[in-house]
Amino acid sequence: MSRRFLELLAREASAVEFEGPIVEARAQGADPATIEELEQAKVEALKVRALLRRRARREAELSALYDTAGDLAALRDLDAVLEAIVHRARQLLATDIAYMTLHDPEQGDTYMRVTDGSISAKFRALRLAMGAGLGGLVAQTATPYATADYFADARFRHKGHIDEAVKEEGLVAILGVPLRLGQRVIGVLMAANRSARPFHQEEVSLLASLAAHAAVAIDNARLLQETRNALEELSQAHRTARAHGEAVERAALAHDRMTSLVLRGGGIEDVAAVVTEVLGGSLAVLDDLGRPITGDVGELDAGVFEAAQASRALGRTVRRGDQVIASVDVGGEPLCTLVLRSDDADERILERAALVCALLLLFRRSVAEAEGRVRGELLEDLISRPDSPGLADRARRLGVDLRAPHVVVVARHGGQRERAAFWASSHATVRHGLAAGRGDEVVLLLPGVDAGGLAQRVAAELSASLHSPATAGASPARLPEASPGGPPGGSAGAPAGGSGGGATSGSAGARDVAEAYQEARRCAEALLALGRAGDGASPAELGFVGLLVGDGRDVRGFVGRVVGAVIDYDARRGTALTDTLSAYFGTGGSPSRTAEAMHIHVNTVTQRLDRIGKLLGDGWLEPERALEIQLALRLHRLGHTSSPQTVGPGPI
């Protein structure tokens, strides 16, 4: 009969089947001793069966733990590993559901991380406060807990929302073990049944082993992620360092090219060409006043100049839309600004280009200032020491032809001496003239014969440069005789365009430079006294005031400009318009009294006044014009002239 029990053990029969041999023996009428022997054999066989089942179960548990360890060794996806652990816990413990909660350090509670076998959305979204519910108690105490009937167990705090979720899931028996990393609990692994059942110590140990593997998986995943992050940061740092190195090398090569250009005598235009070749786009270089030196990026609005100011303050480039601005200052004053229109530009190259352009401008300014001092010293000598030897040679080396007609211009400004002197020096250099600064005025000696036109041009351009009114007076100048060996284009020692008689300017009424300087100064002062700040004029444009400020006292020219048309008309036609005009002003502007004084009819006076108006033009009766006409008539009578064109050189 023992053989029957071995066959049952071999085919893993159920416990009920082990009663079969005993039932058969009784049916066959076996004696009591045989029945007792069979009972003992059955008990031993069932013990062997239980042992075999425990070993099989242990083997399955070990296999699951081994598989879990393999998953950890080949960890690629933390979610997949945790899901495998929870699924194995459910299978090994033969529960209806298994799930895992993790600690949330920000909110201080635990949340559902993985579930297997859950059917309730509310349960899957459940959060457990520390100490609340069975899971919260396990997380708080770091101790395994099991309950055969959750709702009847009073060892933990029942919360309404937790109980509702547990009831919706239909759970009754629950086992929970902590997920521990050292002394820290990071979550809870739980297995639960929808019917009452006890949990044996072996099941608790098995779930704890799986929880330990889950904790290791979570920690490994954290370390792996930190390692990946560190590697990514190192990789990004390497890429950044490499890009930075390439950018620095590129900027250094561009700087070397720009430096080489400057050493070979290149200018700002050449530097701009290198920048646009390397960076692309379009580049404009602006001077200290914001005027383009080279390039064109379209119309520049106020925002560009605000960005330039910010660039100078920060000491680096500033981006504004698709424009990159780099500006350099010296002593707080802007020197140059580079405006590059480009979507992607290396700011280092633009900054270096701005420095190179600034150095070029500083060099030009230094050269201009040095040349300006030389030109200023020559002009000072022409004004105060016209008999000094070698003036013509000094002028020739500066490109100034003393044989040509020149005009002295004195411009009064409201300060800003350095800027005004720099502008005057630059202007004089371009026009092959001389310039010098004297206090709140600049003096220019410029080639030309139109003193009034030069004065107006200087006043307008200097006012624009200073952003404040500059008032200019001008006077023709007679220069010292040029020494032999003068510049090409004329005979040495002879005036340009003239023959013999010394090196005068060739302009009627020209003064020595010192005299012309004084007359130009008086013109500028007269303009300021007349409220014409920002204007420019010579004595000829000042009317009768010019007679007062001019040394030449060109009375004949004044009479001719004011009433010459009337005097010439009388000379040609034999009329008496000049006498009628004198009588008209002498009688206070009354036609009737004029007629009485001249013994003619008042209609004749009216006709003559109409003719005079046509000859003198509109506005001849305006107070200022009328004053000039009366003065010219008085000077004409004192000079006993019939026509200003026929007056000789003698005094009037």
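Mentor: Contact here means heavy atoms within 4.5 Å. Helices (H or I, at least four residues) and strands (E, at least two) are DSSP runs, numbered from the N terminus. The model is predicted, so local features need pLDDT of at least 70 and side-chain atom pairs pLDDT 80 or more, while totals for chains, interfaces and linings use all residues. Residues count from 1 along each chain, and side-chain values leave out hydrogens and water.

Our part is helix α20, residues 602-616. Start with its meeting with helix α18, residues 577-586. The axes (lines fitted to C-alpha atoms over the stretch in contact, with angles from 0 to 180 degrees between N-to-C directions) come within 10 Å and cross at roughly 100°. That makes α18 roughly perpendicular (65 to 115 degrees) to α20.

Now look at the residues. From α18 come Leu577, Thr580, Leu581 and Tyr584. They meet Arg608, Leu609, Arg611, Ile612, Leu615 and Leu616 of α20. This contact of α18 with α20 holds 7 nonpolar residues, 1 polar and 2 charged. Nonpolar covers Ala, Val, Leu, Ile, Met, Phe, Trp, Tyr, Cys and Pro; charged covers Asp, Glu, Lys and Arg; the others, Gly among them, are polar.

Next comes helix α19, residues 591-598. Here the axes of α19 and α20 lie 8 Å apart, and the helices pack at about 110°. So α19, too, is roughly perpendicular to α20. On the α19 side, Pro591, Ser592, Thr594, Ala595 and Met598 take part. On the α20 side you find Val602, Val605 and Arg608. The contact of α19 with α20 divides into 5 nonpolar, 2 polar and 1 charged. Keep Arg608 of α20 in view. This residue belongs to the contact with α18 and also to the contact with α19.

Trace the buried residues: Gly133, Leu134, Gly135, Gly136, Leu137, Val138 and Ala139. What covers them? The cover includes the strands β2 (109-116), β3 (127-129), β4 (145-147), β5 (173-181) and β6 (184-193). Helix α7 (160-169) is also part of that cover. After α6 comes Ala142, with a positive phi near 60°.

Terms used:
Buried < 20%, exposed > 50% of the residue type's maximum accessible area, 1.4 Å probe, protein only. Parallel < 35°, antiparallel > 145°, perpendicular 65-115°, else oblique.
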